[in-house]
Structures are given as structure tokens and as C-alpha cells.
Amino acid sequence: MEKSFFQQVYALVAQIPYGRVVSYSQIARLLGDPRGARQVGWAMRHCPDALPWQRVVKDDGSIAGGGWADIRRALLEDEGVAFRPDGRVDMARCRWRPGESDTEGNENRG
């Protein structure tokens, strides 16, 4: 049986290493739906608590989540995720690319 889109999103989110982030649009592209970032966002609204939901951010490094944004940022800071002076995640340093080792290009691993 084929996994639903939401299940595919959650399976990918479960793989994001500690101290790394991915964007909604990156997940959509990885799942073969390059225009599906909003659908990924919808899936993340219903994300199981056991998954590292805080590791999914906007492509420019902004943190989505309304009332949860401060908690999400604190969790990412605890993982050593680097932030730019403007408050966005430093995507050049912290973006996870499946297939690379979980420490490759990430000096912030805790």
C-alpha cells in the first residue's frame, strides 16, 4: 500500500538530524511535488508530537508557527542551530540535504 502524502512528509521529517533543518518547499521537492509546500505546511499542522517538527522552517530560514514560533526557536537553539542577525535560521550552515552525513557542513552539532 502506498503511503499518503502526509505519511511521506512525516517519514522524511523523522530523518532530519539533530541540529539540521529543512524547508517546507524542500520537503515538497524531495517528495516529487515541487509546488506542494503549502500541503507540507498543512501536514506539519497535524504532525505527531514525537517527530522533530521544529526542524521544518521556511525556505528563507524564517520560523513559522504563530504562537509556537518562540518554542520552535528555543528548541532549535538548544540543538545548536545557527541563526542570522535578523533572526532567521542560517540555512547555508544548517540545511540538511538527504544523502550527506548528518555532520557534514554542520559545525553546530551538539
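Q: Which residue forms a salt bridge with Asp 86, the closest N and O atoms being 3.9 Å apart?
A: Quick ground rules: this is a predicted model, where local features need pLDDT of at least 70 and side-chain atom pairs count only at pLDDT 80 or more, while totals for chains, interfaces and linings use all residues. Residues are numbered from 1 along each chain as its sequence is written, and side-chain values use heavy atoms, with hydrogens and water left out. A salt bridge needs a side-chain nitrogen of Lys or Arg within 4 Å of a carboxyl oxygen of Asp or Glu. At 3.9 Å, the partner of Asp 86 is Arg 84.

Q: Which residues do salt bridges that share partners join into one network?
A: Asp 86 also meets the side chain of Arg 88, at 2.7 Å from N to O. Shared partners then tie the salt bridges into one network of Arg 84, Asp 86 and Arg 88.

Q: Is Arg 88 buried or partly exposed?
A: Buried means under 20% relative accessible area, exposed over 50%, and partly exposed in between (1.4 Å probe, protein chains only). Asp 86 comes in at 45% and Arg 84 at 38%, both in the middle class. Arg 88 has 23%, so the label for this one is partly exposed.

Q: About how many helical turns separate Glu 77 and Arg 73?
A: These two side chains meet in a salt bridge at 2.8 Å, N to O. Both are partly exposed, Glu 77 with a relative accessible area of 40% and Arg 73 with 28%. Helices are DSSP runs of H or I with at least four residues, strands are runs of E with at least two, and both are numbered from the N terminus. Because Glu 77 and Arg 73 sit 4 residues apart in helix H4, the separation is about one helical turn.

Q: How far away from Asp 90 is the nearest side chain of opposite charge?
A: Asp 90 lies in the loop between helix H4 (69-78) and helix H5 (91-94). For charges, Lys and Arg count as positive and Asp and Glu as negative, with His and the chain ends not counted. Asp 90 is buried yet has no salt bridge. The nearest oppositely charged side chain belongs to Arg 93, and the distance is 4.3 Å.

Q: What is the relative accessible area of Arg 55?
A: Arg 55 sits in the loop between helix H3 (37-45) and strand S2 (56-57). Leaving aside neighbours within four places in sequence, Arg 55 has contacts (heavy atoms within 4.5 Å) that include Tyr 18, Arg 20, Leu 76 and Glu 79. Arg 55 counts as buried, with a relative accessible area of 10%.

Q: In what order do the elements of the protein run from the N terminus on?
A: The secondary structure comes to 5 helices and 2 strands. Reading from the N terminus on, the order is α-β-α-α-β-α-α.

Q: What radius of gyration does the protein have?
A: The radius is taken over C-alpha atoms, and the globule rule is 2.2 Å times the number of residues to the power 0.38. Those C-alpha atoms fill a box of roughly 40 × 35 × 25 Å along the principal axes. With 110 residues, a compact globule would come out near 13 Å, and the protein agrees, with a value of 13 Å.
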